[in-house]
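Q: Hi! Could we go through the charged side-chain contacts in this one together?
A: Happy to, let's bring it up.

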Amino acid sequence: LALATGLRLQEFSHLLVWEIPALPAAGTLPVPFPVPSGVTKGRKFRTTWISHEALAGVHQYADLDRAAAAAGSVWRAGPGQGEALLVSDPGPLGGRVNGIRCRWDTLTPGERRRLVAPDGGSCLLALRGDGGPFTAWASVFERTSDRIRARFEPRFPAVSPHRLRHTMAMRTLEFLVSGYYRQAAGLVTATGTAAGPDAALALYLAKADPLMVLRDLLGHSSVTTTEV
């Protein structure tokens, strides 16, 4: 998910399971992926995208591994983290938090870490084995990098979650410059299958400058080839 969307660490660490887009029928275009303003830099809403394959993997995790971790969980936020925020009637855009109607995009990372799902466990997408929120991504990448250096390649660099954002930027720019997404947009239009978000995305890809597309996906005010 992080590699396919280019989300910042704070953004993908605090996504709620209900904020993951529905999985559409397989197609040639990326799937729009809204990034809630409550977790973005500067609290600015944006839409990035994700491949159908990556989104299918996210849904598989949510339906299997995550569901197993959440089942029967009695997790609550620890001392000093604030009172538990109990969720009811959740939907894609919001639900009730301690009985009060609330939109997910208004919740900060700190508030999101305290949310308790109706059936138990954290409401974040990524869960620990006990159903609590998993946010220790930096240590996961550090340990993985150490293992690769020890077992396979001593010159392997120290990789942080932010490097995935750079990787996504380079790969996306390569596709944009080569015309890969433009050709996909043209195919959607030519076959008459463009409708709704696909139609808007096809037009966007056909008209926009590659660097401007990348700027919008990453949530930058500007993007230069040097920064990428």
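A: Let's start with Arg149: its relative accessibility is 25%, so Arg149 counts as partly exposed. Keep in mind that this is a predicted model.

Q: Which residue does Arg149 form a salt bridge with?
A: That would be Asp146, and the closest N and O atoms are 2.4 Å apart.

Q: Where do Arg149 and Asp146 lie?
A: Both are in helix H5, which covers residues 137-151. They sit 3 residues apart, about one turn of the helix.

Q: And Asp146, what's its relative accessible area?
A: It is 37%, so Asp146 is partly exposed.

Q: Zooming out, how many salt bridges does the structure hold?
A: There are 9.

Q: Which residues are linked in a network of salt bridges?
A: Arg8, Glu11 and Arg46 are linked that way.

Q: OK, switching to Arg128. What does Arg128 form a salt bridge with?
A: The partner of Arg128 is Asp130, with 3.1 Å between the closest N and O atoms.

Q: One more: how do the side chains of Asp105 and Arg103 meet?
A: In a salt bridge, at 3.1 Å from N to O.

Q: What is the relative accessibility of Asp105?
A: Asp105 has 22%, so it counts as partly exposed. Arg103 is at 44% and counts as partly exposed as well.

Methods. Residues numbered from 1 in each chain as written. Predicted model: local features only at pLDDT ≥ 70, side-chain atom pairs only at ≥ 80, totals over all residues. Heavy atoms only, no water. Salt bridge = Lys/Arg side-chain N within 4 Å of Asp/Glu carboxyl O. Buried < 20%, exposed > 50% of the residue type's maximum accessible area, 1.4 Å probe, protein only. Helix = DSSP H or I, 4+ residues; strand = E, 2+ residues; numbered from the N terminus.
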